[in-house]
Structures are given as structure tokens and as C-alpha cells.
Number of protein chains: 2
Amino acid sequence: MNPLDPGEFRRQGHMVVDFLAKYYENIEKYPVLSQVEPGYLSKRLPSSAPQDEEPMEAILDDVHQHIFPGLTHWQSPNFFAYYQTNTSTAAILGEMLCAGFNVAGFNWVSSPAATELESLVMDWLGKMLDLPRPFLPFGNGGGVIEGNTSEAIICTLTAARDRVLRKLGHNSIAKLVVYGSDQTNCSFQKAARVVGIDPRNFRALKMTRSTLFGLSPDSLEKAIRLDINAGLIPLYLCATVGTTSCAAVDPLEPLCKVASKFSMWIHVDAAYAGASCICPEYRKFINGVEFADSFSFNAHKWLLTPLDCCCLWVKDPNALVKSLSTDPEYLKNEATESKQVIDYADWQLSLSRRFRALKLWLVLRSHGVQNLRSHIKNHCRLAKLFEELVEEDPQFEVVFPRNFALVCFRIHPSGVAGMLNAQLLHAINASGRVFMSHTTVGGVYVLRFAVGATLVTEKHVIMAWKVVQEHANSLLSMPASEQHSA
Amino acid sequence: MNPLDPGEFRRQGHMVVDFLAKYYENIEKYPVLSQVEPGYLSKRLPSSAPQDEEPMEAILDDVHQHIFPGLTHWQSPNFFAYYQTNTSTAAILGEMLCAGFNVAGFNWVSSPAATELESLVMDWLGKMLDLPRPFLPFGNGGGVIEGNTSEAIICTLTAARDRVLRKLGHNSIAKLVVYGSDQTNCSFQKAARVVGIDPRNFRALKMTRSTLFGLSPDSLEKAIRLDINAGLIPLYLCATVGTTSCAAVDPLEPLCKVASKFSMWIHVDAAYAGASCICPEYRKFINGVEFADSFSFNAHKWLLTPLDCCCLWVKDPNALVKSLSTDPEYLKNEATESKQVIDYADWQLSLSRRFRALKLWLVLRSHGVQNLRSHIKNHCRLAKLFEELVEEDPQFEVVFPRNFALVCFRIHPSGVAGMLNAQLLHAINASGRVFMSHTTVGGVYVLRFAVGATLVTEKHVIMAWKVVQEHANSLLSMPASEQHSA
């Protein structure tokens, strides 16, 4: 047996390329949201691994027969839920090369190209985002690809924590406080818990419609002063540009001014919306980032790059290295000792790391800056179209002003019960024709329509709106007794 | 522009399949260890992203011209450094499908197949390893694919920490102590630092040749008692099966007996050697795992699966969930509320997660258990062959008894200086013909010869030994004044 025989690789590789191409051709035929019941797969597949080899043809047939029904089709043009994870030909090819070379680029010498291409594309991308000079290598900062926002926050939070504990001693760990709003992504709470912040010292400041659910600098300052008076130590602020719930934007500049007074580490999480900042007209949303310590966004959401690809820049890479480096004998080498190279394992949680820069490089080159801007702008235009359709219908309302390509809307509450919107969403998704998700904004249940699938066009948005209207009409025409009341 | 046009996907996909097939055909022509200088790539590539799209042909040409020289070829059959990250056709196809579907399987409903296939393959693999019943779903345990060992340790360590802190209060965090040996992988130290263990409370117990560098239960118990007497709290033991340095094995059963007395969480890290335990003759190395709380190994090292794929089983998944779950409104759904499904985001650090189960499923099916066992046994046989060649040559010695497919050896010290072995390694790797790495074992510098590349055959092992001998002869024939002295 040769598990990497070039001839077989060629034959089976072509088979899978055709399989995926056909998948994209037919993707609209599948229900967007999987309609299976819990436990469906164990009823269809054997309970133990086969003793002997099986042909790829049989395996792909099983993917089609048994995996497809359980897939929620994130690449469907009718996927409007959560935030998208859009992909592209270029990025999939990048993943193929990454898995094909399969280098473990923990340090420079283990595969210099993996490190150097990562520095290069992060520099390209930093320039595309017009990041301030101190985040880029020629300003003594630097960029790194982490797996996800959680990792970016855990790493920067660990660095921030250790910077303080080195001065105050480890016992002070129980006094450290971190701040965000109640709209900050839940990964911040998880990260804070992981690095040992006392759960009682996690501040999710309650925001309201009056600030459009952006974190208020006054609330922040008030909370910090209360904590200081109680003998606690303010450590870290996570500000968000484009929150997960409704794409709200925290006002970076005034927030940074507050946090800086207390020498806190400021992280800007632009997981979703950061990609839009490659367009000059959206760049304003990260104004003030020059006062932050670190900035991250997920290319794996809106920049045509599949999971996982979280782009993190820091002003002081050495703060990461101080907390995250290790120096075992079995990795010692001349390049590291020369201090002329980056060993990215010291900027992240794990030792081993995939060559993720390849897919990002392929995406940037295969499309070019102008096309990537068009891609973002097109999605924002389509979201605006949907927003207009909602606004034209007196039965509906747009609940929250649109910043990017997310529309938060609901059936207008006059005379109808709140549960109706949950029923509407359930009916829409059960149809399999489109998939949307929900959130609550200021206590109000709303439907989320996020435009972002690579294959989405105007036709899909108009059709999605028709699906919404059909189901709303059918629900609203029911006798009130059959509508669930809230 | 359509970044996911099926026709273009097909055309460019076939191009990359052929590109990789050709790479494997020619892989022995490249120097195994990259020979570039730091900064080589920025001299060859533009300093900003292109404004307009570039054809895939030009990009692949640049991969060949500019990336290849900076690659260390981990898939070369002449790669014997570190521990391998071997890959296979099946796994690369799995990565293609993963990137192609690009689902973010954070919870069950976001793509049921991603969750259910992961549970299924982890169950298959658990059975292949003959893991004790309490680690498998029918014994109330469970398996999950993490990105890497660091993540597996951070997650279990966080769960263990919180289990104690829930009883004693968060202030006790500064008293928690974790234990391993000085041979434990450096990711344990990093993980302990990340989760807020006081660096002074990290015990890397010094091991010696007398226990073959395995952690001694007596040393462990002595250290624990000292810590308890000092008012500290023993928390977590990381035992290793197949250490990174020299593949030493900690004696699980007696270690677990000690740690259990103090109600510690016991993790077994078999990152490298775990894969071998699918062979009945190697299963003995994890005897005693039944007394541990968690067990992990990296399929991305020796099980034909590219990065990243760390397989973790725990006896009490709920301990992970208690520490790592979040429950934001925008992810609420009926399936989660029914408690009939697993939401794997609650078993790992990040929210988003790749559909990594696909590649593992393809590997297990495409090869079958018997072939995977042969694959492991063949590498151990080749390592044994190399070991015999070393032993036959009076100029050399095997420094450490071989457990798996790693041989630690050096030029015999009689009459020659210690630095000679470092010189030998440098000369071997600079030749580009093979790549080995080094470590120190009990203060002695040794060369590491790890057999594990997918494409390796007897011919490559014999050739590698010839390369070693040639360079050794050439070094030893130099006048002593030209040999660096230690």
C-alpha cells in the first residue's frame, strides 16, 4: 500500500474536484438548513471502522447519500444565517496545497516559506486595511494568522495579564478585571474564563438602543472606577466593530481614551466587519484603532477564505512572545538564535501550525484588491436592497440601522404577539428554501438576514424576501388562537 | 466575478491536483531541509497585494519558483526530523471536502453531519485503540477532535481547575500545582501558563536514565507531599506516552495510583505514540489509561492525516462543558435545548470549528484498520533496521532503547569531543539529502532519526545511514584541531 501514490492521488483528486464542482452546480437543490433528526447518522453508518480498504468511489457515494442530508449548506446562495463563512476556488486550492505540503511551521527553520509568506500576506492585508504603522513590521508591530477569534483573545489576554502579573506578582490574578459590552461575542467571556480571570470580574456592560448598542465610554469609565475603588485592577478592554448579534459598532476612539488612562490592553475585535474595512468607505468604522494594542478580524467570514483564518495584528509582538514562547532543546536552531526570524509558535497557543498563509495569498492574488472590494460592496448593496423591501412592507420593520450587510427585522409588533417572529423564523427555515437566524436586541426578538454567501445574487435576495412574506402572510391569516402568544 | 464558479473550480482544481501529483513524483529532487536565508521571500515577492486578479497559472508558477525553495519537505521520504506529520491522498481529499463545504459546526444544528460524523469516527478510533469503556459514549465519556495537544491540555486543565475552584473559591487559583516530568512536551508548560497556573507551581520533575526518562511515581508522590505541606493544592498530572525528545514512556498505572490519591485530574498525552496503539503489540504502552481522566493523541502525526487533528477523549465531557460552554441568544435552538445533541463548541476553545472529521473518516475507510496497522508496523520495522545499522558500526552508539519508530544515536564518545555530533548533524542537514534533528538526553547531545514519512521505504533508510556514515567519516578524518571541541 502507498497512501500517497502520485497516480492514485491524481485519479482520486480529479474525482473529488468533479464531485465538489457538481456540488456547487446543484447546491440550490438541497434544503439550506439540514432537516435531519438528532442521531440520524449512527443509524446509517457502521459502528466500527472497516478492517479493509474501501474504494474512494464508495466513500464519495456515502458522502452524497449520508453526509449531504446532515449538512447545513453554508455555501448555498440561500444561506443568510449567523455570519457567513464564505469560500472560493482560490482558497480551496490553497487548502489543498496546505494539506499536500503539510509542513508544521512552528518555527522558521521548520519551513521558512510558511513563516515568511505569513508575514508577507499579513503585511499586504494590513496595508489593505490601512492599519496604523505601529501594527506593521516597519513600525515594530506584526501580524499573525490565528485559528479563530477565541485564540486571538486568549493570546493577547494572556500577554496583557502577564505584563501586569510580572509587576504585581501572581497572587494579583484574582483581582484582574476585563471589560466589554453585553453585545461582545461570547468568545470573550470564554477566553477570560480560560486565562483564569475570576468570573465575577468579567464585565459585560449593559448597552441600550440609546447608543445603538455600542459600548458607552461613560459606562466603561464608571465601571472601571467602581472596580478600582473596590481594590480590583482593570486589565483588558475588548471593543467590537460589528457585533455578532446586530453588527453594532463600539466607538473606538473615546473608548481607547478611557482605557488608556488606566494602562489597560485594548483589543479591537472586528471578526465579521473587519473585512469590509478594505473598502475606503467602510474604513471609518475602525477609526481609533491607532490607540489600541491589538486588532483582529476573520478572513474566514467575509474574505472568501474558508475556516480557519483569524488575522491578528499587535503593536508589541514581544508581549506575546514573553508569555507564549517555549525553548525546548529539540527545537533549538541557529536561525532562532540569530534573532533574525519569527517563530510563530511563540505568537499562538499551540506548537504545530498549518500553512494557512497559502490560502490567503491565493485569495489576494487570484482576485486582487479591487475585486475583493467589489465582493464586499456587492453584499452591502444586496443587504440594502433587502432592507428596502422590508421597509416598503407595512407589516414589517427594520429593527436596527444597518452598518454592513446584516439586516435585523421583524413583523411589526402592532397588534401581534412577540412569539410570532419566532414562529415565522421556524416556518421559513423548515421550508429548507432559505436559512436565517435570530437574536434579541434590547429584549426584542428579531430575525437576522446576513448577506455573505459567495454565490448570492440579487435573485436570491428577492426570493428570500418572498419566502419571508409568504410565511408571514400565512401566519398572520391564521386565527389568533392558533398563533402562540407571548 | 464569481469566485466559486463551478467551471473555473473544475479547471483550476484539476490543475492543482496535477501540480501536487507532480510534486510527489519529484519530491526527492528537492533539498529536504530548506537552504534559504532569513528574509529570502520578501526579496522575491511584491510588498503589496495586486490591485487586479492574477491567473492561477502564474500563482502556481510562483509557488514553484519562490515557495518551494523555502519549504522544508515534510512529505519527503528523506525527512527523519522531529516527529513526522504524515499525510495521505484520502486525508487531502478530506481537507478538500472540508474547505469545499466549509461549514462552521459550532453546534449540532449548524451542520448535524459535522457533529455526528465526529462522534462516530472518534468512537471508531476509540475502539481501534481499545480505550476503556468510560472514555466512549456508551460509558458516558466521549471523544472530540481538537486542533492540537496544546488545546487538548488547555481545555482539560481549565475543566480540572474550575472543578477545584468551584469548591474552594477563585482566590485559590494561585495555589494550584501541575505536574509532569522534564521530558513532558513544552506545550504543557505553555498551557499551564495560559490557564493562570503560577509559573512557580509548574513541576517538571527531573528524570534520569535510571527510569529510562519515564516519570517516577515516587518522585511524583514526594513532590506532591512537599507541595501539600507548603499549603499548595495538587491539581493535574500530565503523563506522556512517547515523549517528544526520546519517545520515553511514563508508567501510567503507578502514576495514576499516586495522582488519584490526591484527587488530581490525570491527562495522558500520547501525541506521537498514541497512533501505534492501534496495533495490539503496542497497546501495552497505554495500559493504565483506565485510571486517567483524559487521553489524547495526534492523528496528524502518524495516522496519515494532515494538520490539524488531535483526538481527545474524556471520561466526563460535562466537566469540559461546565467550563467552556456559552449560551448566547443568537445560537439558541431547539436541538440544543432538547439535550439530545452534542454542541462541540462547548468541548473546545473556540466557537467556530472546521469539519475535521471528514479527513479522519476518509483515512479510516480508505485504508481500513489492517492497512493502518501495517503502516505503523512498517515504520517501526524500518526504525529497527536503522538501529541495527547504527549498532553494527563501532563508531556509533544507540543512546536510548527504541520504543517506537525513533532512534536516538550518536558518534560514540570514546576519544572524540561532544561537539562532533552537532557538527555531524549540521553537515548531514546542509547536504539537503536527508533531514534529522537533535535533542539532549540526560545532558548528552544525540541525533534523532524518526521514521514516519508516508513515502519512506527501506531504500531511504539505508541511504540515510550512508549519508550519516559519509559525513561522520569525513569529520573523523579531519585533524583534531579542525574539529570543534566541547
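Good morning, colleagues. Please bear in mind throughout that the model is predicted.

I begin with the domains of chain A. The assignment divides this chain into domain 1, residues 104-354, and domain 2, residues 365-482. Their centres, taken over C-alpha atoms, are separated by 31 Å. How many residues of each domain are in contact with the other? On the side of domain 1 of chain A there are 25, and on the side of domain 2 of chain A there are 24.

The size of an interface is often given as the accessible area lost when the parts come together. For domain 1 and domain 2 of chain A, about 2,200 Å² is buried between them, and 70% of it lies on carbon and sulfur atoms. Within domain 1 of chain A, the residues that lose the most area to domain 2 of chain A are A:S245, A:W302 and A:L304, which together account for 28% of what that side buries. Between these two domains of chain A the count is 1 salt bridge.

I turn now to the aromatic residues. Over all chains, the structure holds 68 aromatic pairs. One of them joins A:F188 and A:F202, a tilted pair with 5.3 Å from centre to centre and 55 degrees between the planes. This pair links distant parts of the chain: A:F188 belongs to helix α6 (residues 186-194) of chain A and A:F202 to strand β3 (residues 202-205) of chain A, 14 residues apart.

A:R448 lies over the face of A:Y83, at 4.8 Å from the ring centre. In chain B, the charged end of B:R448 sits over the ring of B:Y83, 4.8 Å from its centre.

A:T158 is buried, with a relative accessible area of 0%. Beyond its neighbours within four places in sequence, A:T158 is in contact with A:V195, A:S323, A:L324 and, from chain B, B:V194.

Technical notes:
Residues are numbered from 1 along each chain as its sequence is written. Chains are lettered from A and ligands numbered from 1 in the order in which they are written. This is a predicted model: local features need pLDDT of at least 70, side-chain atom pairs count only at pLDDT 80 or more; totals for chains, interfaces and linings use all residues. Side-chain values use heavy atoms; hydrogens and water are left out. Rings of Phe, Tyr and Trp (its six-membered ring) pair if their centres lie within 6.5 Å; planes under 30 degrees apart count as stacked, over 60 as edge-to-face and the rest as tilted. Helices (H or I, at least four residues) and strands (E, at least two) are DSSP runs, numbered from the N terminus. A charge sits over a ring if NZ of Lys or CZ of Arg is within 6 Å of the ring centre and within 35 degrees of the ring normal. Buried means under 20% relative accessible area, exposed over 50%, partly exposed in between (1.4 Å probe, protein chains only). Contact means heavy atoms within 4.5 Å. Domain bounds come from an automatic or database domain assignment. Buried area is the accessible area (1.4 Å probe) that two parts lose on being put together, summed over both. A salt bridge is a side-chain nitrogen of Lys or Arg within 4 Å of a carboxyl oxygen of Asp or Glu.
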